[in-house]
Structure formats: structure tokens, C-alpha cells
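Hi,

Here's the structure I promised to pass on to you.

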Amino acid sequence: MYRNYLKVAFRNLFRNKFYSILNISGLAIGIACCILIMLFVADELSYDKHFEKADRTYRLTMSGALNGSAFDLAVVGPSVGQAMLNDYPEIIEFGRFRESGSPFIRYGENIFKEEKFVWADHSILDIFDMDLVLGNPETALKDPKSLVMSETAAKKYFGNEDPIGKSIEFRSSKDYKVTGVFKDLSKNTHFDFDVLGSMETLDEAKQSIWLSMNFQTYVVLTEDANIQSMIDRFPEMLKRYVGPEVKQFMNMDWEDMGATGSAMAFSMQPLTDIHLHSDLEGELDANGDIKYVYIFSAIALFILLIACINFMNLATARSAHRAKEVGVRKVLGSLKAQLVNQFLAESLLISFLSFLLAIGIAYLAIPFFNDLSNKDLSIPFTDPLFIGGVFVGVLTVGLLAGSYPAFFLSAFQPVKVLKGSLSGGMKSGALRNVLVVIQFCTSIFLVIGTLVIMNQLNFIQNKNLGFDRDQVVIINDAYLAGSNVKALKTELESFPEVKSVAVSGYLPTPSNNNMNVFLKGIVPSQDNQVLMSSWYVDYDYLETMGMTVAQGRNFSKDFPTDSLGMIINEAAVKEFGFENPIGETIGNFVDMQGNIQGMKVVGVVKDFHYRSLKDKIGPMCMMLGDNAGLMSIKVNTRDYAGLISKIGDAWTEMAPNQPFETSFLDERFNRMYDAEQRLGKIFGVFAGLAILIACLGLFGLASYTAENRIKEVGIRKVLGASVGQLVYLLSKDIGKLVLIAFVIGAPLAWYFMNSWLAGFEYRTTVGWYIFAFTALGAVGIALLTMSYQSLKAATGNPVKALRTE
């Protein structure tokens with residue numbers, strides 16, 4: 001019996017090759033998209049879950065406000081972990097990371113800029129299952145100036161040599177030693193480090209202070225720990241440890257903080273929530289976003305739904321052609337269940353073939369998808385879970401897509417169909433029209449989403465940021481020139497292609513965020529503290545960055561007192577409540593003992609975006625300093641290659657044997673929006689595929705509509721109907737359906753994309769032209785898809801059409 005079902009199913013596939021190709025290819029593209037997106041979603045959801053203690057590991061975070069200015073931090077003070085270990089029996093272990101930039105490490109004649117370096121407690125090796133392949137796991141990071149590194153890093157630095165015990169030069173010190181090598185970390189981890197330095201090296205790590213927050217701190221709990229009970233005790237702990245520091249630095253009692261709009265609170269963030277649910281200050285790496293997981297999952301579901309709808313539409317549209325077959329089978333004694341099984345067998349066969357083709361498409365497309373999504377995914381052919389998923393997918397898609405056609409076709413009454421009284425085509429099923437509306441509604445949603453994302457990215461690119469990011473060349477790690485930094489700056493300023501040069505460790509990008517507490521005046525009180533970013537710059541910084549002085553003046557060598565001067569932005573003026581800020585005194589904490597230095601405001605710079613456009617411009621200040629991390633060069637030439645070559649020659653002269661590396665300010669700025677650019681591209685690709693799949697089905701429907709109405713077309717043509725009238729007759733129904741889909745899909749897209757835009761403090765609007773373009777495009781594509789078959793029917797020979805049985 002089942003063998004016969006398959007034989008008949010294959011026979012029908014080969015008999016109707018064109019429609020079989022449409023069905024299988026459309027379904028395969030939809031399934032391939034679904035496979036790729038599900039691989040992405042599974043990868044995002046798997047972050048940090050591979051650690052043995054993942055379900056008991058939490059990161060300590062701090063949130064609160066200072067005089068109404070809110071902060072949410074992924075870092076806490078250096079002594080928090082030890083204090084909690086002492087006070088909470090539920091905690092059995094803690095470990096800390098402390099980021100410290102990208103140092104240069106030299107071994108022999110080789111020098112490398114280590115982008116993946118961090119200071120870490122020895123306990124980190126245990127908490128995060130960093131299995132050492134070389135070295136003693138009991139002592140690897142317990143001694144000052146000891147380093148452990150990944151296998152990849154060890155290979156980079158030492159080649160085939162044994163790294164254990166090797167001395168390397170690290171930050172001008174040659175007595176750092178490699179004490180361990182660990183297996184490369186899984187990519188599904190919320191941090192990515194290759195070299196870990198012993199926390200015992202840092203004096204600040206041994207300080208008993210809570211308000212200097214620079215340490216990512218993790219705790220491991222007992223298996224029976226009561227999380228809520230721990231959280232309930234946090235306020236008392238904060239009062240005991242932070243209260244005295246608040247009194248010392250802010251000159252207020254802990255109980256009085258709320259009256260001034262200030263507050264502090266600790267929380268514990270589950271390790272497995274960090275990647276998708278956390279976007280705090282001080283994250284170790286750029287995290288994902290659970291919203292995008294939901295969005296991509298929905299896209300996968302909708303694209304698969306569109307592909308399944310194609311199958312259902314084509315199957316029911318062909319009902320008139322299968323009607324006589326059903327009638328004859330019933331007359332000869334076939335039961336309804338047997339007919340249902342026959343049609344389900346055909347559906348399962350198409351589903352199986354589609355899955356095979358889809359896996360091949362996904363395999364070929366995955367390099368492109370990896371580039372698009374910034375992932376390193378692969379199809380797990382040998383994973384039993386994947387094999388089982390494909391099997392379940394074949395059954396699910398086959399049964400879901402084939403169930404309605406199977407029951408619809410098997411329900412035909414043999415007397416009616418054998419008399420030829422059953423009509424087919426586009427008008428034969430209201431459900432089929434609903435399915436077409438769903439298809440195009442989904443496609444329209446994706447198209448509008450793509451256009452809104454592209455519009456926001458274009459808004460970002462063209463917005464006046466308050467500084468000029470174009471034609472600014474950055475020399476990274478300018479401090480390597482040592483005492484020749486100023487001489488190098490003078491040399492570069494003499495180049496005719498150079499307008500100005502500035503030396504500073506800070507650029508208007510989120511990676512350069514240095515938050516500190518400042519005072520209105522020099523005496524702390526309950527309501528005169530302001531939390532703001534502070535940058536150390538030189539005299540030429542504002543000119544080089546193209547920033548505008550709104551009040552007062554720039555720093556000047558003509559005013560020696562500018563060493564105690566400060567330039568603030570307009571947001572800081574508002575935050576401090578200054579009416580005339582020039583000459584006002586702002587208190588600056590110069591050490592952890594609470595000593596304060598008064599700084600005079602000499603100028604106000606117009607607000608500029610020094611963080612992402614997702615964030616409101618906050619208060620910030622600039623002071624003169626000797627931070628030589630970066631050298632910014634404003635140029636007036638388009639011959640960047642030639643200029644960089646000249647800069648490199650000057651660097652070689654001033655900083656011999658030191659690595660030379662440049663970048664561009666606009667590129668650094670654009671990297672802030674990598675995630676949004678990837679989202680836009682992914683939306684665009686899948687919107688295009690959704691439209692393609694929908695049009696494949698529409699093409700098949702158009703063919704059957706024209707075929708079923710061939711006599712009507714012939715009669716109308718004989719009676720004088722023009723080609724245009726006939727094309728309109730055959731196409732108008734689908735145009736109406738697409739417009740209905742637009743009316744439903746456009747408001748949904750408007751709502752969801754406005755919610756997405758709400759994540760940007762500075763954003764564009766969802767303009768009417770986006771909807772107009774989408775509506776015209778959707779109707780145009782649909783009519784263009786229908787036009788081939790409509791024209792073919794309208795221009796055919798009416799005599800031949802009327803002879804057709």
C-alpha cells in the first residue's frame with residue numbers, strides 16, 4: 001500500500017515538473033533560511049552554558065543614581081568580592097577581572113600588541129573551567145607578575161618552544177613569567193581573552209574600597225543557596241561598607257542619600273543571562289540582544305510559513321485537475337482515509353526532497369551568513385540532535401503543509417466532479433486568499449523593517465555630531481615614542497598635508513569613557529555632586545576634532561593657569577546649574593583619600609556625541625594632561641596612503657623598533673553600529689527571500705488561474721476584449737489581496753519599528769515615503785509576477801483556447 005502511495009507520488013511529481021520545481025524550490029529556500037537562523041539562535045542561546053558551575057555563577061553589578069544621574073555598572077569595587085565571601089555563607093568562591101587596555105608584549109625580537117589581555121584572580125581558572133595543558137593549576141596565577149595564556153597565544157609568542165618559565169617584557173618590565181597555558185576558550189563565552197595577568201600584581205586590587213568601581217566580579221554559590229534571601233540582605237551590607245565612604249567623599253549620611261536623588265544598589269546577574277540580557281557600563285565584550293533572537297526566530301517562522309503556504313495554495317489551486325482522479329478512485333472503492341494518505345504521502349515526499357535541497361543550500365550559504373552575522377557557524381551533520389530535528393522537520397512540514405490539501409481534495413463528491421461541476425482557480429477558495437494575504441503581509445513587514453533600519457543608519461551617518469570625524473588619522477599607542485612624543489607632534493605639524501595634531505588618550509567614541517564624581521565648588525555636600533566623563537587633552541584637541549567653543553575660550557599656552565583649567569560641555573552646564581559658567585570652580589577628587597582640587601571653568605564646548613546615538617549626551621569635561629595614548633591628525637589631503645607613509649617615516653625616526661599602527665576616526669565611529677548594520681543586512685536578505693518565495697507561489701497560482709480560465713479568456717477575446725482588459729481581469733484579484741496585506745502589515749511594522757527606534761535617544765522617524773515605496777513595490781512585484789502568465793493567456797489564439805477540453 002505505502003509503496004503504491006510513493007509510486008503514485010513520484011508519478012505526479014514527474015507529470016507536473018514545473019509545479020513540482022516551484023513547490024520544492026520555494027519550500028527548500030524557506031527551510032534553508034530557517035536552518036541558518038536556527039543555528040544563529042541556538043548559538044546565541046548557548047553562551048556561557050558550557051561552564052560546569054554556570055547555573056551557580058553570578059556577576060555582581062551596581063546601579064543607582066548620583067543627584068538624579070543614573071548609572072548601571074557591570075563593575076564593582078576591588079574589595080566587594082572578598083567582603084561578600086566573608087559575610088555570605090552561600091558564596092563558596094569569587095573571582096575578578098580587571099581590564100587594562102591592550103599592552104605590548106615582547107619576547108626576543110618579536111613584539112605584539114595583545115588585544116585580549118586582562119588581569120585575573122587565580123580563582124578565575126576554576127570558575128570558568130580554564131583547564132591548563134601546561135603549568136600547575138594550583139599556583140598558576142597566585143604570584144605577582146605571572147601570566148597564563150591560551151594555546152593560540154602561546155603558539156604566537158613562542159612557536160614550538162615550551163613557554164613555561166619563559167620571561168617576557170611586559171610594560172617595560174622584563175621579569176614577567178609564563179606559568180600556565182590553557183585550552184582556547186569557547187567562542188560562546190561573554191569574554192574573549194588570550195592572556196591573563198595575575199591580579200596579585202596590582203596594588204589597586206588590594207585596596208579596601210567600594211566606590212572605585214573597576215572590577216568585574218563573579219561569585220559561585222552553593223547548590224542550595226537562596227538567591228532572594230541574599231538580595232534582601234544587600235541594603236544592610238551596602239550601608240555597612242559603603243556608608244562610611246559616602247560620608248567621607250560625599251559628606252552625607254547614608255540615610256540622607258535618597259533626599260538628594262542619589263541611591264546605590266547591588267544585584268547578582270546570572271552568568272547565562274549576561275550575553276543576551278546585559279548592556280551595562282564596563283562590559284567585557286560587546287553582548288548580544290535577546291530582542292534580536294526573538295526577531296530572527298520570528299523571521300525564520302514566517303519564512304517557513306510563507307513556503308508552506310505556497311505548497312498549500314498550489315495544491316488547492318490544482319484541485320480541479322485532481323478532482324476527476326479523486327472521483328474515479330472513490331467510484332472504484334477508495335476510502336477517504338486512503339485518499340488522505342495518498343495526498344499526505346505526496347506532501348511528505350515533497351517535504352523530504354525540499355529538506356535535502358535545503359541542507360545543500362544552507363551548506364553553500366553558510367560562509368556568506370557567517371560573514372553577515374559575524375559568527376563562525378557550521379552545519380552539525382553528525383549531531384544526533386540535528387539529524388533528529390531534520391526528521392521531525394520533514395514530518396512536521398509535510399503534515400502541516402499537506403493536511404489541508406489532503407482533506408480538501410479527499411472531500412470531493414464523485415458525482416459532482418465527474419459531471420465537471422467543480423470549478424477551480426483563484427476564486428475557488430477564500431482560505432487560499434487569506435494565505436496569500438499572510439504571505440505578503442509578512443514580506444511587507446520585513447521590507448518596511450529593512451527600510452527603517454537603513455534610514456536610521458543613514459541618519460547616523462549624516463547627523464551633525466558636534467565634531468568632525470572625517471579626515472582624522474589616528475596614531476595608536478603614541479606613547480611608544482616615549483620622550484619624543486612632542487617632537488613627533490611638531491614634526492607632523494610641519495607637513496603641508498596636516499592641519500593640526502592633538503595628543504590625548506580620548507576620542508569621541510564609547511570606548512573612551514572615564515566617569516568620575518565632580519563637585520560644584522570644592523566642599524562636598526548633599527546636592528553638589530555631578531557624575532561626568534573626564535578627558536585629559538592637549539591645547540590642540542578641540543581644533544583637531546572640529547569642536548565648537550560656545551562660551552569662553554579654548555585652552556591656551558598664553559594662560560599658565562590653564563593647568564588648573566577645565567572646559568565643560570553644555571550638558572554639564574545644565575547639570576551643575578551654572579548661569580554664567582566661565583570662572584566657576586569645579587572640585588576634582590585627585591586621590592582615594594578624598595583630597596579635592598579646584599578647577600576653573602575657562603570654556604564651554606557645544607554638546608557633541610561622545611557616545612552612541614542610543615544614549616543621551618551626558619555631562620563631560622576636559623582638562624590638560626599628558627595622556628599620550630593616541631595622536632590625532634587632522635589632514636587636508638585625499639592621498640592617505642602617501643601621507644601615512646610619510647607619518648610612518650617620521651615614526652621610525654622618532655620611535656625606532658616600535659610598532660606603528662594607524663586608524664581613522666570615522667572608521668572607529670562606524671564600528672559602534674556594526675550590530676545595527678548587520679541587522680539591516682540580515683533583514684534585507686531575508687525580506688528579499690520572503691518576497692522571492694511568495695512570488696514563486698504567486699507565479700504558480702497565476703499559471704493555474706490562466707489555465708483554468710482559458711475558455712473564458714478565449715470567449716472574451718472573440719467578443720472584442722483587449723489584451724489590457726484581459727490582463728487586468730486575470731490580475732486584479734491578486735492586486736486587491738496585496739493591498740489588503742499592506743493595510744494589515746504596515747501598521748504592525750510601524751509599531752514594532754517605532755519600538756526599535758525608541759532604543760536610540762537620537763533617531764529618525766518612520767516616514768510616509770517608506771510605506772508608499774513599500775506599497776507600490778509590493779503591488780508592482782505581485783503584478784509583474786502575474787503578468788507573464790496573464791499576457792500569455794491574453795495573447796493566445798482564442799480558437800485554440802475554445803477547442804481545449
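Below is what I found, going element by element.

One thing to keep in mind: this is a predicted model.

Let's start with strand β10, which covers residues 173-182. Which strands pair with it? Strand β7 (residues 132-135) is joined to β10 by 3 bridges, and the two run antiparallel. Strand β8 (residues 146-150) pairs with β10 too, but in the parallel sense, over 5 bridges. Then there's strand β9 (residues 167-170), which pairs with β10 in the antiparallel sense over 3 bridges. If the words parallel and antiparallel are new to you: strands of a sheet pair through backbone hydrogen bonds, in either of those two ways.

You can find some of these pairs by residue.

Next, an open sheet of 4 strands, in the order β15-β23-β14-β24, with antiparallel pairing. Which strands sit at the edges? They are β15 (498-504) and β24 (662-664), and each of them pairs on one side only. On average, neighbouring strands in this sheet are turned by 25° against each other, ignoring direction.

Now for the helices. Helix α2 (residues 17-45) has 29 residues and reaches 41 Å from its first C-alpha to its last, close to the 42 Å expected at 1.5 Å a residue. Is α2 mostly covered or mostly open? Mostly covered: 22 of its 29 residues are buried.

Helix α22 runs over residues 723-757, and I744 is found in it. I744 counts as partly exposed because its relative accessibility is 41%, which lies between the 20% limit for buried and the 50% limit for exposed. I744 also belongs to a nonpolar patch on the surface, along with I740, V743, L748, W750, Y751 and F752. Together they have about 710 Å² of accessible area. A handy thing to remember when you look at any α-helix: there are 3.6 residues a turn, so residues three or four places apart point the same way.

Definitions and conventions: Residues numbered from 1 in each chain as written. Predicted model: local features only at pLDDT ≥ 70, side-chain atom pairs only at ≥ 80, totals over all residues. Heavy atoms only, no water. Patch = residues over 30% accessible without salt bridge, like charges linked within 9 Å, V, L, I, M, F, W, Y side chains within 5 Å. Areas by Shrake-Rupley, 256 points an atom, 1.4 Å probe, with all protein chains shown as cover. Salt bridge = Lys/Arg side-chain N within 4 Å of Asp/Glu carboxyl O. Buried < 20%, exposed > 50% of the residue type's maximum accessible area, 1.4 Å probe, protein only. Pairing = 2+ DSSP bridges. Expected span 1.5 Å × (residues − 1). Axes fitted to C-alpha atoms, helices over the stretch in contact; angles between N-to-C directions.
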